[in-house]
Amino acid sequence: MNHRQLSRRSLLVATLAVPGTALLASCASGTGAQQTATTKTASATSTDGSTANDATGTGGSLTIGLTYTPNIQFAPFYLAEDAGLLGTNTLRHHGAEEGLFDALLSGTEQLVIAGGDEAIVAASNANDVVIIGGFYQQYPVSVITREDTGITDLTSLKGHSIGLPGRYGENWFALQLALQNAGLSEQDITIQEIGYTQQLALRTSKVDVIIGYSNNDAVQLRQAGTAVVEIPIGEQVPLLGASIITSRKVLNSHREELKSLVSACAQGMTRFCDDVDAAVNATKSRQPDLVDATQAAAAKDVAVATAKLIRPSSTTTVGALVPEQVGETIDFLSTHQLLGPTAVTTDAGCDALLSVA
């Protein structure tokens, strides 16, 4: 297990501004094992201690992996499950030390919700992963700074310290894009690898800037009373955020079932965007601390911000995957030498089961 994965859960819990809100966006960025080496796991242990090695879930049903612990960001899938849209298929939260794609590669899960860009990096390291559906239609990572730093745009990052978990994952990809758009290099800034302590580091002025998530770090910093400025990493972002991912093995064997599941998940996403209060209520049965009114209100703030990523405009096709965006992500990652030795093409990297109408 990569040391980044071993430490990341405890760090995340220790530094959250609002307890009980460990978010998918943060979890999706800690996939060092998949990004830096080939990961072909023969079997994986689920949270109840059982193992699975076949390409289907228990009793022929499929299992959707949700990274780490229950949280409001996963509410689209809770809503789909509660409405019976998933049928006999099930949701499964990863253990705290489980790699992002380990259970998918071993057969414990048949789908996983994870960063599309990270899936591409995993595929470039010879892992059998393929993107089949969309989740976040807008990239969630941004440059976040305190109002008192005077930093207002990307070019003014020059000479400042920037904190992020490490030189991997979506935070690292986003920083590369931000520097490119600012016309800066890594030598123009001071990069600090601070683990999952971005919020604390920014609040205490350990760093001037963090690379964080609009529906996580920015929300929680404001909830904690820190006035922050968010700076987009670019007008056009050639990076694919959280998506629905499977393996080619499962796709070849269960295409029709996967089509139905992607559609069901998209319906859950729509319900989430339409009614964030229902999303909070659906999460309460999975995350008991939301019975506290303060925690529930904080979760609602996260839900509102997340809905903007899932459906950024009234014309968005919720749950859709656009192959051209996959191609743009491959090109960007390749240009910045962020891919492994295995060539990845758009056709190999994705298969859109729910396309744009």
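Reader: How many bridges join strand 5 to strand 12?
Author: This is a predicted model, in which local features need pLDDT of at least 70 and side-chain atom pairs count only at pLDDT 80 or more, while totals for chains, interfaces and linings use all residues. Residues are numbered from 1 along each chain as its sequence is written, and side-chain values use heavy atoms, without hydrogens and water. Strands (E, at least two residues) and helices (H or I, at least four) are DSSP runs numbered from the N terminus, and two strands pair if DSSP finds at least two bridges between them. Strand 12 covers residues 242–246 and runs antiparallel to strand 5, and the number of bridges joining them is 4.

Reader: Which residue of strand 12 stands opposite Ala114?
Author: Strand 5 spans residues 111–115, so find Ala114 in that run of residues. Then look across to strand 12, where Ala114 faces Ser243.

Reader: How many of the residues of strand 5 are buried?
Author: Buried means under 20% relative accessible area, with exposed over 50% and partly exposed in between (1.4 Å probe, protein chains only). Strand 5 is mostly covered. Its count of buried residues is 5 of 5.

Reader: What is the angle between the planes of Phe77 and Phe135?
Author: Rings of Phe, Tyr and Trp (its six-membered ring) pair if their centres lie within 6.5 Å; planes under 30 degrees apart count as stacked, over 60 as edge-to-face and the rest as tilted. The structure holds 2 aromatic pairs. Phe77 and Phe135 form an edge-to-face pair, 5.2 Å centre to centre, and the angle between their planes is 70°.

Reader: How far apart in sequence are the parts that this pair ties together?
Author: Phe77 belongs to helix 4 (residues 75–82), whereas Phe135 sits in the loop between strand 6 (130–134) and strand 7 (141–146). Phe77 and Phe135 are both buried. The pair therefore ties together parts whose separation in sequence is 58 residues.

Reader: Which residue joins Phe77 and Phe135 in a cluster?
Author: Follow Phe135 to its tilted pair with Tyr136, at 4.7 Å centre to centre and 35° between the planes. Phe135 and Tyr136 are both buried. Ring pairs complete the cluster of Phe77 and Phe135 with Tyr136.
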